[in-house]
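Visitor: I have a structure open and would like to go through it with you. Could you guide me?

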Amino acid sequence: MKLIKLTQHVFIYPYDKQTDYPNIGIIKTDNETFLVDAGISKRHVESIKKAMNLENIKTPSKGCVTHFHYDHSYGMFYWKIPFYVCKNTQKELERISKYKYTLESLNQMIKDEVETPFTAYYIYQEYKDNLSNIKIKTDNFIYNTKDDKFTLSIGNDDKVDIVLINKNTSPHSKDSTWVYVKEDKVIFVGDSCYGDVYNKLKDYSKEDLQDFFTSLLSIDFDYVVFGHQEIGTKQDVIAYYHEHKSRFN
Ligand SMILES: [Zn+2]
């Protein structure tokens, strides 16, 4: 799989429906690279690194995850770099790190509603050779101890500001981080645009959906990167909002 060059600094390692791999963001500057979401496994991480090599992009020096779900977080261990996470993501990573990662514990995770039969299937597909290769990274930097927003700058002559925004209103997962790349006007919303996977695909409440659009549309972006679908534009979001407005007004 090849990288998609979205803007001057933003590249995407694209999502894959067959393996449930999400879109992975790579923010490249003159001297530093930042990673948005870690992927699911060593195999996934290696294929992202290979695609980066083809574009002469340096290995990331740090990264963040948009939420704790396996397809975004299990790869963290294999990057061997520091990760920024919100408080709730850290809590969830600590919770899932308590499991032993055997076939029995995977079943237990389904019972405990930590995973669903759908996600457990993909985890098993990825790790069936050795489930104990699942290692949860819990030594992370929590960015929202004081504020819901945190800005970090990467690059030297070619500086890019990356704003991490904590959003906990999505029914998909109560630990969302949006990642805004200011100079390139790109926003990553992870899976926060989707419904609750543990509760029969329960959708957003009217209030939370309104909040999702109000928050998103208040940001000055050209492109929005969702977890598991094609990249959208601001015009796409506005059109969707007007089309579905009756659902939450
Ligand atoms: Zn998710």
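Guide: What follows is a short walk through this predicted model, from the whole chain to single residues.

Visitor: How many helices and strands are in the chain?

Guide: The chain has eight helices and 13 strands. Its radius of gyration is 17 Å, close to the 18 Å that the globule rule gives for 249 residues, so the chain is as compact as a globular protein of that length. Along the principal axes, the C-alpha atoms fill a box of roughly 45 × 45 × 35 Å.

Visitor: What share of the residues counts as buried?

Guide: Of the 249 residues, 39% count as buried. As for contacts with a separation of 6 or more, 59% of them are made by residues 24 or more positions apart.

Visitor: Let us turn to the sheet. What is the order of the six strands in the open sheet?

Guide: The order is S8-S9-S10-S11-S12-S13, and the pairing is mixed. Strand S8 (149–154) and strand S13 (232–233) are the edge strands, each of which pairs on one side only.

Visitor: How do S8 and S9 run, and how many bridges join them?

Guide: S8 and strand S9 (residues 160–167) run antiparallel and are joined by six bridges. Phe150 stands opposite Leu164 in S9, and Thr151 is set opposite Val163. The two strands form a hairpin with five residues between them, in which Gly155 takes a positive phi near 95 degrees.

Visitor: What about S10 and S11?

Guide: Strand S10 (residues 176–181) and S11 are also antiparallel, with three bridges between them. Val181 stands opposite Val186 in S11. S10 and S11 form a hairpin too, with four residues between the strands.

Visitor: In which sense do S11 and S12 pair?

Guide: S11 and strand S12 (residues 223–226) pair in the parallel sense, over four bridges. Phe188 has Val225 in S12 opposite it.

Visitor: Why is S11 described as largely enclosed?

Guide: Five of the five residues of strand S11 (residues 186–190) are buried, so the strand is largely enclosed by the rest of the structure. Val186, Phe188 and Gly190 point one way, Ile187 and Val189 point the other way, and all are buried.

Visitor: And the core? Which residues of the largest nonpolar core touch the most other members?

Guide: That core has 44 residues, and those touching the most other members are Ile27, Cys64, Ile162, Leu164, Val179 and Val181.

Visitor: Take Ile162. What is it in contact with, leaving aside neighbours within four places in sequence?

Guide: Ile162 is in contact with Ile27, Phe34, Thr151, Leu152, Ile154, Val179 and Val181.

Visitor: A change of topic: backbone angles. Where does Lys80 lie?

Guide: Lys80 lies in the loop between helix H3 (76–79) and strand S6 (83–85). Its phi is positive, about 60 degrees, although Lys80 is not a glycine. In general, most residues other than glycine have a negative phi. Lys80 is exposed, with 9 other C-beta atoms within 10 Å.

Visitor: And Lys185?

Guide: Lys185 is in the loop between S10 and S11. This residue, other than glycine, also has a positive phi, near 55 degrees. It counts as partly exposed, with 15 C-beta neighbours inside 10 Å.

Visitor: How far apart are Thr233 and Tyr223?

Guide: Thr233 and Tyr223 are ten residues apart in sequence and 4.4 Å apart in space, C-alpha to C-alpha.

How values were computed. Residues numbered from 1 in each chain as written. Predicted model: local features only at pLDDT ≥ 70, side-chain atom pairs only at ≥ 80, totals over all residues. Pairing = 2+ DSSP bridges. Core = buried A, V, L, I, M, F, W, Y, C linked by C-beta atoms within 7 Å. Buried ≥ 20, exposed ≤ 12 C-beta atoms within 10 Å, placed from the backbone. Contact = placed C-beta atoms within 7 Å. Rg over C-alpha atoms; globule rule 2.2 N^0.38 Å.
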